Amino acid sequence: MRQASEVTFVNIGQLWMRPGQVIDGPVFIKTVQGRVRSIGPMTRVGQVQDAVDVGGRAVIPGLVEAHTHLVFAGERANEFEMRAQGVSYEQIARQGGGIRSTVAATRKAGEQELFESGMNRLDRFMAMGVTTIEVKSGYGLDFEQEMRMLRVIRRLNEAHPLTVRPTLLAHVPYGADRKEMVMDIAQRWIPEAAKTGLAVQFDVFCDAIAFDFDEAARLLRAARDAGLGLRVHAEQLGHTGISKYAASIGAQSADHLDHVQEDDIVAMAGAGTVAVLLPGCSISMGTRNLPHIRPFKAHGVAVALSTDYNPGSSVTVNLPLMGSLAVAYMGFSYDEAMAAITTHAAKVLGMADTAGSIQPGRPADFVVLDCADFRQLFYEYATPHVASVYKNGVKVYEACGSGHGRPQ
Ligand code: NIG
Ligand code: FE
């Protein structure tokens with residue numbers, strides 16, 4: 001990709017840099033070799049070589065999507081409707097639908113097909129303003145199939161302008177002998193994924209329909225010993241206490257947390273484990289009790305928001321919409337919603353120094369909104385507001401029709 005040596009973005013109407021730091025314009029951002037060099041008021045812009053005039057629009061960091069299951073084949077549209085009619089996620093799973101039906105479709109699909117649909121979904125995330133994204137395996141469920149998924153994820157990272165961070169996910173027990181499977185994950189999947197660099201984080205789904213506490217704890221220890229970052233699908237359908245355990249061994253995040261308890265949150269606070277809340281699940285799952293930011297804030301736990309994009313429990317790429325839901329139902333301020341899809345999400349991925357904020361020295365990953373105030377992104381919900389997206393200072397996306405008239 002061509003990298004212009006020096007580009008200055010001028011006439012920025014408002015700049016959201018990092019939590020609590022919003023500057024009113026007009027300001028400029030000077031970038032050199034794809035990194036932010038300096039930021040200042042337009043009165044001090046000086047001589048400019050190559051200028052991009054953003055015409056009073058708001059600029060925010062490239063969004064960070066910290067939790068997706070984006071590589072899969074098939075669809076489960078019927079399940080959305082079934083749940084709305086009163087059949088539960090667990091019932092559907094026990095009837096052979098759910099995760100296992102996606103596993104069957106994914107195993108059947110060719111690697112190229114998985115790659116192409118993955119590229120397509122990454123494009124859709126990019127159009128939402130995402131510049132860094134985590135993608136999990138987890139629909140393979142044996143050694144060969146999981147490594148195949150991770151290879152597809154690696155190809156996506158190589159081929160797509162977005163930064164794609166790979167996670168090995170032990171999703172659900174599969175096959176006749178679950179003891180055997182847990183051993184295989186600990187002794188083969190995890191070491192292989194770590195050694196080859198095919199994954200940088202490990203995640204496990206711990207719940208009544210997935211791995212139990214002891215199994216999940218064992219796998220987390222194996223992943224820690226192999227040097228992978230730790231994540232956990234925790235307290236989603238019921239409470240297991242795995243978020244507290246994961247925090248005690250240094251997990252970077254605990255995700256879902258619908259049934260989290262106070263002592264779990266205390267442990268997360270002590271360990272610097274980020275809470276990843278996934279309100280998109282409430283739409284697909286038809287639940288109404290979304291987790292609230294209050295207890296996390298009270299204990300000083302950083303909170304991220306993510307789509308959890310997957311074909312079953314959350315089928316959306318609209319990361320800004322998660323911010324709108326968080327403001328509407330979960331007690332977030334606009335600033336907390338923005339932090340949750342940028343700075344805090346980057347922390348989940350161990351990328352706090354390279355993504356999720358706009359600062360001198362950092363990669364010039366940012367989004368020009370088609371509005372003058374970043375709050376519009378959440379306030380006018382479920383609406384496209386992205387005018388253009390820059391990755392390492394290079395434009396990778398432009399909305400058609402953007403740039404007409406004044407920002408609203
Ligand atoms: O994060 N909770 C488990 N796994 C996914 C759902 C995957 C699926 O239903 O296919 C989740 O919600
Ligand atoms: Fe998930």
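This is a short talk on a few local features of one predicted model.

I'll start with helix 3, which runs over residues 98–108. Which of its residues are buried? They are G98, I99, T102, V103 and T106. Look at how these are placed around the helix. The five cover an arc of only 135 degrees around the axis, so they sit on the same side of helix 3. The general rule behind such a pattern is that an α-helix has 3.6 residues a turn, so residues three or four places apart point the same way. And what covers the buried residues of helix 3? The cover includes four helices that you can find in the structure: helix 1 (77–84), helix 2 (89–94), helix 4 (111–127) and helix 5 (143–159). Strand 9, residues 201–205, is also part of that cover.

Next, the ligand. Ligand 1 has 15 residues around it. The closest are R76, Y89, Y139, Q236 and S313. For three of these I have a distance to an oxygen atom of the ligand. In the case of R76, a polar side-chain atom lies 2.7 Å from an oxygen of ligand 1. For Y139, the distance from a polar side-chain atom to a ligand oxygen is 2.6 Å. For S313, an N or O atom of the side chain is 2.5 Å from an oxygen of ligand 1. How much of the ligand does the protein bury? Taken alone, ligand 1 exposes 320 Å², and the protein buries 100% of that.

Now the cysteines. A disulfide is a covalent bond between the sulfur atoms of two cysteines.

On to R221, in helix 7, residues 213–226. This arginine is partly exposed, with a relative accessibility of 34%. Leaving out residues up to four places away in sequence, R221 touches Y245 and I249. R221 and A246 are 25 residues apart in sequence, and their C-alpha atoms are 9.0 Å apart in space.

Last, some backbone details. Where is there a cis peptide bond? The bond from G25 to P26 is cis, with omega near 0 degrees. P26 belongs to strand 2, residues 21–32.

N11 is in strand 1, residues 6–18, and counts as partly exposed at 27% relative accessibility. D308 is in the loop between strand 13 (303–305) and helix 12 (319–329). With a relative accessible area of 1%, D308 is buried.

Conventions. Residues are numbered from 1 along each chain as its sequence is written. Chains are lettered from A and ligands numbered from 1 in the order in which they are written. This is a predicted model: local features need pLDDT of at least 70, side-chain atom pairs count only at pLDDT 80 or more; totals for chains, interfaces and linings use all residues. Side-chain values use heavy atoms; hydrogens and water are left out. Buried means under 20% relative accessible area, exposed over 50%, partly exposed in between (1.4 Å probe, protein chains only). Helices (H or I, at least four residues) and strands (E, at least two) are DSSP runs, numbered from the N terminus. The arc is that of the directions from the helix axis to the C-beta atoms. Contact means heavy atoms within 4.5 Å. A residue is near a molecule or strand if one of its heavy atoms lies within 4 Å of it. A polar contact is a pair of N or O atoms within 3.5 Å; within protein, one must be able to donate a hydrogen and the other to accept it, and residues adjacent in sequence count only if both atoms are side-chain atoms. Accessible areas come from the Shrake-Rupley method with a 1.4 Å probe; for residues, only the protein chains shown count as cover.
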